[in-house]
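Subject: Structure for you to look at

Hello,

Here is the structure we spoke of, with the sequence. My notes on helix packing and aromatic pairs follow below it.

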Amino acid sequence: MAPTTAPSKLQFSPAGQTEIKRLLTHYPADRSKSVLLPVLHIAQAEFGGWVSPEVQDLVAETLGIRPIEVYEVATFYTMYNLKPVGKHVLEICRTGPCMLRGSDELTANLERITGAKVGETSPDGNFTLKEVECLAACGFAPVVQVREQYYESLDTTEAVDAMLNDLRAQIHRPILPWEMLGEVHSQQQQ
């Protein structure tokens, strides 16, 4: 009989744990919920670009709060992905100024080019399309945000093609918070 092994319990990487501990030092001990948003970002970065219910449970356990408190926040904000996503999540602004400058046409073009509808991932796994509220770049509409990068004035086929070619050329994995500070640590995948 082959030995059975229990499934490994999800854990943050050592670097993730260190960053969470650092964040917790900014708040009173009884206010750990105050770091929920940044910890969800860390979780999303460390576990494949989305926060599954199991990952949300890990966040709750790590912060000593009830799982429902994490679920409420993760489902409220569009910045947290609740299902697997592609290599690049294209957040398309759909508010007034972008619509006046062609965001509907941009969305239709992106759906045609990528083969994904809004809320879906392209067949090649490269792109997930997501409509979002104002990205605060109205003067450069229509706008798409991909992670921390804004792609502006996407009102021509050439501009859209340039953005997609730029993204296709990137070797991507989520940027972890401490990497923005110049520290490099390995990523833990689920």
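Which residues in α2 meet which residues in α3? In this predicted model, Leu36, Val39, Leu40 and Ala43 are the α2 residues, and they meet Val55, Val59 and Leu63 in α3. Sorted by type, the residues of this contact are seven nonpolar, no polar and no charged.

As for the geometry, helix α2 covers residues 36-46 and helix α3 covers residues 53-63. Their axes lie 10 Å apart, and the helices pack at an angle of about 135°, which makes α2 oblique to α3. The crossing of α2 past α3 is right-handed.

Now the aromatic residues. There are three aromatic pairs in the structure. One of them joins Phe12 and Phe47: the ring centres are 5.8 Å apart and the planes are at 65°, so this pair is edge-to-face, the cut-off being over 60 degrees. Phe12 sits in the segment before α1 (14-24) and Phe47 in the loop between α2 and α3, so the pair links distant parts of the chain, 35 residues apart. Phe12 and Phe47 are both buried.

Phe76 and Tyr77 also form an edge-to-face aromatic pair, at 4.9 Å centre to centre and with 90° between the planes. Phe76 has a relative accessible area of 61% and is therefore exposed, as the limit is over 50%. Tyr77, at 33% relative accessibility, counts as partly exposed. Together with Tyr80, Phe76 and Tyr77 form one aromatic cluster.

Regards

Conventions. Residues numbered from 1 in each chain as written. Predicted model: local features only at pLDDT ≥ 70, side-chain atom pairs only at ≥ 80, totals over all residues. Heavy atoms only, no water. Axes fitted to C-alpha atoms, helices over the stretch in contact; angles between N-to-C directions. Helix = DSSP H or I, 4+ residues; strand = E, 2+ residues; numbered from the N terminus. Parallel < 35°, antiparallel > 145°, perpendicular 65-115°, else oblique. Left-handed = near helix turned anticlockwise from the far one by under 90°. Contact = heavy atoms within 4.5 Å. Nonpolar A, V, L, I, M, F, W, Y, C, P; charged D, E, K, R; others polar. Phe/Tyr/Trp six-rings, centres within 6.5 Å; stacked < 30°, edge-to-face > 60°. Buried < 20%, exposed > 50% of the residue type's maximum accessible area, 1.4 Å probe, protein only.
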